[in-house]
Amino acid sequence: MSTSYLPATTESISEALEAKNSSDSISILYRVLENPSSSPEALRIKEQAITNLSDLLTQENRAEDLRNLLTQLRPFFNLIPKAKTAKIVRGIIDAVAKIPNTSDLQISLCKEMVQWTRAEKRTFLRQRVEARLAALLMENKEYPEALNLLTGLIKEVRRLDDKLLLVDIDLLESKLHFSLRNLPKAKAALTAARTAANAIYVPPAQQGTIDLQSGILHAEEKDYKTAYSYFFEAFEAFNALEDPRAVFSLKYMLLCKIMVNQADDVAGTVLSKAGLQYQGNELDAMKAVADAHSKRSLKLFETALRDYKAQLEEDPIVHRHLSSLYDTLLEQNLCRLIEPFSRVEIAHIAELIELPLDHVEKKLSQMILDKKFAGTLDQGAGCLIIFDDPKTDAIYPATLETISNIGKVVDSLYIRSAKIMA
């Protein structure tokens, strides 16, 4: 970076954009920012230089330089309106976020900016940076720190009645509680976000995020039909905006179809006009699961889980529901296989179902304990012994009902005799 500054003019910006390589462009833009002039025109040119510089540094993956740029610009922020400062700061933080593997840097950068905004008493900007910091901490699975930060922030923002920021924070709180498996609080926070959103105009992307979170919570409660409608709303919003989250909304729509035993509809949805736009591993994974579910094949199911591990097992929402689906499918298959037998070797069942012996034995013992069928495991002989379903004797319920009726008669006679004696 040169010590001699350049004039803050459109010619300097043009010179930077026309430079042979990005390093020269960056050097010229830095020299424009070093210009001490504080005239309105110079400030406008410097704002443009900051935007161009942050774009170039992002393309070069120079996250540390973006962080230093934010520190270097602090004297400049005193010369421009607070709203423009907020826009520039948030723009540079967003630029750092576009560079891969910078989550720790983003967290430390946000913490630095929070300290600076407190010192400068820039409440509006501080609240937004703190909300961003809470989101980053949640992504980093630092849940207690994120929750403490959000708790104080929510109280402060509710006092100021900043509805748009309140929607963001309530939505973030809902996601945080969902990650902590606290479903009642996640639903309460989402309701608060919806209430705040109803009072103002909410951008389509934000409305899509609310619908996506609503779908996730309904799916968690096994209300897959309602969840599907929310995922569909989210998909339409994200699809119109060409937001990358559209493919996840579509993926969760397909998951809901599978969970309500409509796996045959998955292929049609994937081949529809909207589905064809998002062909890729995410949808291929759901097609594989739907195919396994339609054929009631555990082998195909396990193959899908193995082939699409990143799309199925590493997605916590899909993984949770597919684990439940796998257990149900396994139980149905085992019940169907053992039905003709009164005594059968566990190895034979494992061979029929094409699963490891220890896995089948463990599942059978669990099903016996859960009273899915009456039986016992003879581990010495390696056999499963199935008992006939014990027939309930009708005499016991009838006797209990008779005794109950006699009790009512006695109580009635006692009340009558008490009235006569009085």
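Predicted model: local features only at pLDDT ≥ 70, side-chain atom pairs only at ≥ 80, totals over all residues.
**Exercise 1. Two residues that touch**

Task: Which residues does E156 touch, leaving out those up to four places away in sequence? Then study R126 from its own side.

Solution: 
- Step 1. Begin with E156, which lies in helix 9 (residues 143–160). Its contacts, not counting residues up to four places away in sequence, are T123, R126 and Q127.
- Step 2. Move to R126, which is found in helix 8 (residues 123–139). Leaving aside neighbours within four places in sequence, R126 is in contact with V114, T117, R118 and E156.
- Step 3. Now compare each value with the cut-off for buried, which is under 20%. E156 has a relative accessible area of 18%, so E156 is buried. R126 has a relative accessible area of 8%, so R126 is buried.

**Exercise 2. A histidine in a helix**

Solution: 
- Step 1. Locate H177 in helix 10 (residues 163–179).
- Step 2. H177 has 5% relative accessibility and therefore counts as buried.
- Step 3. List the contacts of H177, leaving aside neighbours within four places in sequence: L147, N182, K185 and A186.

**Exercise 3. Rings and their partners**

Task: How many aromatic pairs are there, and why is the pair of F76 and F77 called tilted?

Solution: 
- Step 1. The count comes to 5 aromatic pairs.
- Step 2. The ring centres of F76 and F77 are 6.5 Å apart and their planes are at 50 degrees, so this pair is tilted. Both F76 and F77 are buried.
- Step 3. Take another tilted pair, F301 and Y326, with 5.5 Å centre to centre and 45 degrees between the planes. This pair links distant parts of the chain: F301 is in helix 18 (residues 298–307) and Y326 is in helix 20 (residues 316–338), 25 residues apart. Both F301 and Y326 are buried.
- Step 4. Look for a cluster: ring pairs link F76, F77 and W116.
- Step 5. Finish with charges over rings. R181 lies over the face of F178, at 5.5 Å from the ring centre. K257 lies over the face of Y228, at 4.9 Å from the ring centre.

**Exercise 4. The whole chain**

Task: How many helices and strands does the chain have, and why is the chain described as more spread out than a compact globule?

Solution: 
- Step 1. The chain has 23 helices and 3 strands.
- Step 2. Its radius of gyration is 32 Å, while the globule rule gives 22 Å for 422 residues; the chain's value is well over that, so the chain is more spread out than a compact globule.
- Step 3. Picture a box along the principal axes: the C-alpha atoms fill roughly 100 × 75 × 45 Å.
- Step 4. Turn to the domains. The domain assignment gives domain 1 (1–100) and domain 2 (279–339), and their centres are 50 Å apart, taken over C-alpha atoms.
- Step 5. Of the 422 residues, 43% are buried. The chain exposes about 23,100 Å², and carbon and sulfur atoms supply 53% of that area.
- Step 6. Among contacts with a separation of 6 or more, 59% are between residues 24 or more positions apart.

Technical notes:
Residues numbered from 1 in each chain as written. Heavy atoms only, no water. Domains from an automatic or database assignment. Phe/Tyr/Trp six-rings, centres within 6.5 Å; stacked < 30°, edge-to-face > 60°. Buried < 20%, exposed > 50% of the residue type's maximum accessible area, 1.4 Å probe, protein only. Helix = DSSP H or I, 4+ residues; strand = E, 2+ residues; numbered from the N terminus. Lys NZ or Arg CZ within 6 Å of the ring centre and 35° of its normal. Rg over C-alpha atoms; globule rule 2.2 N^0.38 Å. Contact = heavy atoms within 4.5 Å. Areas by Shrake-Rupley, 256 points an atom, 1.4 Å probe, with all protein chains shown as cover.
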